[in-house]
Protein chains: 2
Amino acid sequence: MTTRYVIGLDMGGTNIRCAAVSPQGEVLLLRRGPSNADSSAPAVTANIAAQIQALETAARARGFGAPLAIGVAVPGPLDVYRGVVMDAPHVKNWRVFPLRRRLEAQLGRPVVIENDANAWALGEFWRGAARGRKEVVLLTLGTGVGGGLIIGGKLVHGKSGMAGELGHIAVDPEGMPCDCGVRGCLEAYASSSGMARLVALRLGRNADLPDRYLDSGGNFSVRHLTSAARARDAVALKTLATAGHYLGIAIASLVNIFNPELVVLGGGVSGALPFMRATMISAVSERAFSAIGAQARIVRAALGPISGVVGAAHAALYPPRR
Amino acid sequence: MTTRYVIGLDMGGTNIRCAAVSPQGEVLLLRRGPSNADSSAPAVTANIAAQIQALETAARARGFGAPLAIGVAVPGPLDVYRGVVMDAPHVKNWRVFPLRRRLEAQLGRPVVIENDANAWALGEFWRGAARGRKEVVLLTLGTGVGGGLIIGGKLVHGKSGMAGELGHIAVDPEGMPCDCGVRGCLEAYASSSGMARLVALRLGRNADLPDRYLDSGGNFSVRHLTSAARARDAVALKTLATAGHYLGIAIASLVNIFNPELVVLGGGVSGALPFMRATMISAVSERAFSAIGAQARIVRAALGPISGVVGAAHAALYPPRR
């Protein structure tokens with residue numbers, strides 16, 4: 001009997017992950033490739049299709065059959081029902097772009113598309129920290145901040161599938177500038193891009209950050225900021241405490257809105273949580289209604305970088321319905 | 001054939017409304033009585049039971065049969081599944097109070113309890129502005145600010161039924177004090193108690209507000225503030241503009257979180273919306289993702305003060321399920 005599997009693809013700013021996932025959510029095969037996010041929309045689309053075909057070829061070589069379904073997770077608000085990317089800030093010309101139709105034309109098979117943060121949340125819900133839970137708020141902290149909401153055991157999509165932009169909850173409307181163009185969103189504090197600005201502000205200069213906060217490519221890195229915090233660097237400690245404080249304010253609002261049983265925190269920046277936790281917990285305790293806050297455990301995500309492909313496969317198997 | 005009906009009761013800080021509601025949501029009979037919210041918990045409970053019995057007597061006199069079900073809406077976060085009021089700030093000794101069990105003991109019949117703001121939202125969803133909609137954010141602006149969320153055509157309850165504390169989303173964490181004990185909740189701006197503080201702050205005094213903002217009992221009244229705004233009173237205009245600005249910030253966050261098709265605004269303070277609208281709309285346009293914001297119409301509630309009894313009847317007919 002041939003192995004049954006679903007293809008899940010997760011496109012980030014730099015890499016694409018593409019996996020063969022069992023109908024139970026186990027990753028059977030995983031490939032990585034470049035996302036080429038700065039090339040043209042047709043080139044990015046062709047690249048996605050090529051990586052899906054390469055995965056299929058590799059699967060066939062192992063004696064797998066044809067995929068049961070194909071799920072593709074991409075950044076930006078998107079209309080999941082029409083399969084249209086509305087506005088992906090990190091991909092050129094992906095404004096109101098009919099990604100699903102273009103991929104289906106190239107692959108000759110049905111495709112489901114899903115927001116990358118929603119796919120990440122679905123992965124954690126299916127196989128990770130939120131497995132078996134019904135009322136969950138999930139936040140992924142990375143270059144930006146995204147998230148997903150599980151209510152009644154289902155991912156919330158909203159009218160068109162654009163729900164879950166949790167990084168753009170206002171936490172301090174006159175505060176730090178956010179990449180989205182306004183001030184004081186959660187993302188302006190609890191993402192790596194936000195933290196880079198907080199560090200620069202604290203040091204009083206715009207461009208040259210000290211090497212201790214930079215990776216080998218000379219770019220600001222939360223991993224390096226966290227190492228500096230571990231070495232008791234004052235700016236690093238203060239920056240992470242500020243990020244934790246605003247993360248806690250957003251969590252408190254979300255707890256008061258949803259009465260969740262679980263809040264899951266993941267993404268690359270969540271490695272810095274040990275240095276954000278004290279201020280985060282204190283803001284949650286202060287601002288969430290005590291009866292509601294007492295029911296919401298805050299935990300780390302469990303799947304790591306594969307949750308996106310697992311969640312994309314889940315979206316493909318159980319497509320969003322209006 | 002006897003008339004079939006459900007009893008819906010809505011307890012506010014001053015009045016109780018109690019109605020016989022048809023299984024289709026029409027109000028057949030409506031009675032008002034005092035809520036006696038400042039007496040002891042057993043006395044408040046006995047008063048609720050007595051008003052339900054009085055309604056039943058009046059219904060019997062008209063030839064109605066026994067009620068199909070009884071729904072009771074009360075303030076404060078409450079565990080709808082266990083029927084326990086967790087913390088009602090406006091009723092003495094209603095902390096972790098088993099209201100449903102006590103009412104059932106006095107009435108000898110099953111009772112469903114629901115949060116008053118959720119009941120209000122259910123009323124608007126069943127028979128009012130959100131009728132037939134599936135993705136709706138509802139905010140009621142009164143002495144405080146409450147709300148409800150309709151997702152996939154159902155009211156969101158969360159783990160225990162305490163979801164929907166939309167008045168306690170942070171909109172400016174270092175801002176105005178809120179009755180809940182922290183600073184900068186939506187309620188601290190868009191409620192009558194918040195507006196009273198904003199006016200006092202603007203006038204630079206604590207106690208004596210000018211008569212033009214007071215009702216005949218000498219209490220601050222948003223209706224009077226609105227009249228003053230209509231007469232171009234600068235403090236009134238500025239206060240309502242500020243309230244609208246923060247209401248818009250909260251709506252933008254909720255729109256980014258939910259991608260709703262509709263935002264419904266009701267409650268006594270919503271009469272002041274003409275003077276809040278410009279700043280509200282400008283904050284929503286600025287902060288909500290354009291693709292998401294474009295799908296969310298903002299409308300006034302349609303049922304007025306009866307939405308609570310209608311929603312309580314809905315809760316009784318379709319009790320929340322885990």
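**Group meeting talk: a walk through a two-chain model**

Okay, let's start with one residue, B:Lys159, which sits in the loop between β11 and α4 (187–190) of chain B. Before I go on, please remember that this is a predicted model. So, is B:Lys159 buried or exposed? It's buried, because 21 other C-beta atoms lie within 10 Å, and the cut-off for calling a residue buried is 20 or more. And what is B:Lys159 in contact with, once we leave aside its neighbours within four places in sequence? Look at the chain letters here: A:Glu135, A:Asn259, A:Pro260, A:Glu261 and A:Gln295. There's also a pair inside chain B to look at: B:Lys159 and B:Tyr81 are 78 residues apart in sequence, yet 9.3 Å apart in space, going C-alpha to C-alpha.

That takes us to the place where the chains meet. Chain A puts 35 residues into the contact, and chain B puts in 35 residues. On the chain A side, the elements giving two or more residues are β6 (84–87), α7, α8 and α9 (290–293). Which of them gives the most? That's α7(A), with six residues. Sorted by class, the chain A side has 20 nonpolar, seven polar and eight charged residues.

Chain A has an open sheet of three strands in the order β5-β6-β7, with antiparallel pairing. The edge strands are β5 (78–79) and β7 (95–97) of chain A, each pairing on one side only. Between β5(A) and β6(A) there are two bridges, in the antiparallel sense. If you want to find one on screen, go to A:Leu78, whose bridge partner in β6(A) is A:Val85.

Now over to chain B, for a sheet with five strands. This one is open too, its order is β11-β10-β9-β12-β13, and the pairing is mixed. The edges are β11 (154–155) and β13 (297–300) of chain B; each has a single partner strand, so one side of each is left without a neighbour in the sheet.

Let's walk across it. β9 (residues 136–141) and β10 (residues 145–151) of chain B pair in the antiparallel sense over six bridges, and there B:Thr140 has B:Gly146 as its bridge partner in β10(B). Next, β9(B) and β12(B) pair in the parallel sense over five bridges. Here B:Leu139 is partnered with B:Leu265 in β12(B). Then β12(B) and β13(B) pair in the parallel sense over four bridges, with B:Leu265 standing opposite B:Arg300 in β13(B).

How many of its residues are buried? Five of its five, so to speak a strand that is mostly covered. As a reminder from class, side chains in a regular strand alternate between the two faces of the sheet. In β12(B), B:Leu262, B:Val264 and B:Gly266 point one way, B:Val263 and B:Leu265 point the other way, and all are buried.

Back to chain A, for helices. In α6 (residues 222–230) of chain A, the buried residues are A:Val222, A:Leu225, A:Thr226, A:Ala228 and A:Ala229. Why do they end up on the same side of α6(A)? Because they cover an arc of only 160° around the axis. What covers them includes α5 (192–203), α7 (234–258) and α8 (273–287) of chain A. Just after α6(A), have a look at A:Arg232, which takes a positive phi of about 65°.

A:Ala196 is buried, since 20 other C-beta atoms lie within 10 Å. A:Ala196 and A:Leu209 are 13 residues apart in sequence and 8.7 Å apart in space, C-alpha to C-alpha.

Last stop: how do two helices cross? The axes of α3 (residues 116–127) and α10 (residues 307–317) of chain A come within 6 Å and cross at roughly 90°. That makes α3(A) roughly perpendicular to α10(A). Among the residues making this contact are A:Trp120 and A:Trp126 of α3(A), and A:Val310 and A:His314 of α10(A). By class, the contact has eight nonpolar, five polar and three charged residues.

Technical notes: Residues are numbered from 1 along each chain as its sequence is written. Chains are lettered from A and ligands numbered from 1 in the order in which they are written. This is a predicted model: local features need pLDDT of at least 70, side-chain atom pairs count only at pLDDT 80 or more; totals for chains, interfaces and linings use all residues. A residue is buried if 20 or more other C-beta atoms lie within 10 Å of its own, exposed if 12 or fewer, and partly exposed in between; C-beta atoms are placed from the backbone. The arc is that of the directions from the helix axis to the C-beta atoms. Two residues are in contact if their C-beta atoms, placed from the backbone, lie within 7 Å. Ala, Val, Leu, Ile, Met, Phe, Trp, Tyr, Cys and Pro count as nonpolar, Asp, Glu, Lys and Arg as charged, and the others, Gly among them, as polar. Two strands pair if DSSP finds at least two bridges between them. Axes are lines fitted to C-alpha atoms, for helices over the stretch in contact, and angles run from 0 to 180 degrees between N-to-C directions. Angles under 35 degrees count as roughly parallel, over 145 as roughly antiparallel, 65 to 115 as roughly perpendicular and the rest as oblique.
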